[in-house]
Amino acid sequence: MAVSLCPFPGMDPYLENPALWGDVHHTLISALRRQISERLPEGYLALIQERIYVETHEGKLRYVPDVSVGISNRETHTRATGAAVADAPVHIAIHTEPMREPYIEIYSLHAPERTLVTVIEILSPANKTPNSEGRRLYLRKQRDLLNSTVHLLEIDLLHEGAHTVFPPLEALQRVRSAWDYLVCLHRAGWSGREADVWFIDLADPLPAVLVPLRAPDPDVVVHLQAAFEDAYREGQYHKAVDYTQPLPIPLPPEKQAWVDARLREQGLRS
């Protein structure tokens, strides 16, 4: 087994930085799909799909971090007052990139036709931002899946933002008062008030969870920690994160103290 590069036993809270999360999201989805594909029985196929949209805020276009800039060699000579000619500017065209949120769909290939069986979602900051297009689209899809014959597995590895997974926050708090991350499973045929939930603490490895298939085929066990470690290595996130800097997200004092102590143990803090 490859040695983990991540200084934390489970999720790395530094990767919750919105500036980095887009890459983390895509890389983790790819690692999950690889693991699932290796474990699926004959007659199933896991595909990565994307939800694509342009996020707006108060009626204005919101540019995302990966805006691309096209530069042309068009020569624009603007004549100033008198005989002098202005220097030619560089002409640029800013191309707004749409938001892209990957997720996994598992299909049954059994006759008579290919059928969607399970959807796996990893929540993004946009899904948890109130009044955002990303949240509106996500909640609409969530509602549709909960009333369908498709299983839904939601993975929330973000501290910040509005409660978004399908079980109501009040119901979860009756079971457990606090947690850092959540995984929620809704099986097709269950009512909207039924869920399997994995509560995750920052100090613990990510759990092994169940991915249901078409009856009577057994569930597939997916090891989230192994997928996360694969994604961390692939993304080389130990090079992208400066662990001497404060966390990009606020945590309760006791959690912050644990993070600081953990980084000192790993030799990343003085």
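Student: How many bridges join strand E8 to strand E9, and do the two run parallel or antiparallel?

Tutor: In general, strands of a sheet pair through backbone hydrogen bonds, either parallel or antiparallel. Here strand E8 (residues 151–156) and strand E9 (residues 181–186) run antiparallel and are joined by 5 bridges, where helices (H or I, at least four residues) and strands (E, at least two) are DSSP runs numbered from the N terminus, and two strands pair if DSSP finds at least two bridges between them. Leu152 has His186 in E9 as its bridge partner. This is a predicted model, in which local features need pLDDT of at least 70, side-chain atom pairs count only at pLDDT 80 or more, and totals for chains, interfaces and linings use all residues. Residues are numbered from 1 along each chain as its sequence is written, and side-chain values use heavy atoms, with hydrogens and water left out.

Student: What is the order of the strands in the open sheet?

Tutor: The order of its 6 strands is E1-E6-E7-E8-E9-E10, with mixed pairing. Strand E1 (44–53) and strand E10 (196–200) are at the edges with a single partner strand each, so one side of each is left without a neighbour in the sheet.

Student: Which residues line the largest cavity?

Tutor: Rolling a probe the size of a water molecule over the atoms shows where empty space is left. The lining consists of Leu28, Leu32, Ile155, Leu157, Leu206 and Leu224, a cavity being a set of points on a 1 Å grid over the protein atoms alone where a 1.4 Å probe fits but cannot get out, and lining residues having an atom within 4 Å of a point.

Note on methods: On a 1 Å grid over the protein atoms alone, a cavity is a set of points where a 1.4 Å probe fits but cannot get out, and a pocket is an open set with protein on both sides within 12 Å along at least five of seven lines; lining residues have an atom within 4 Å of a point.
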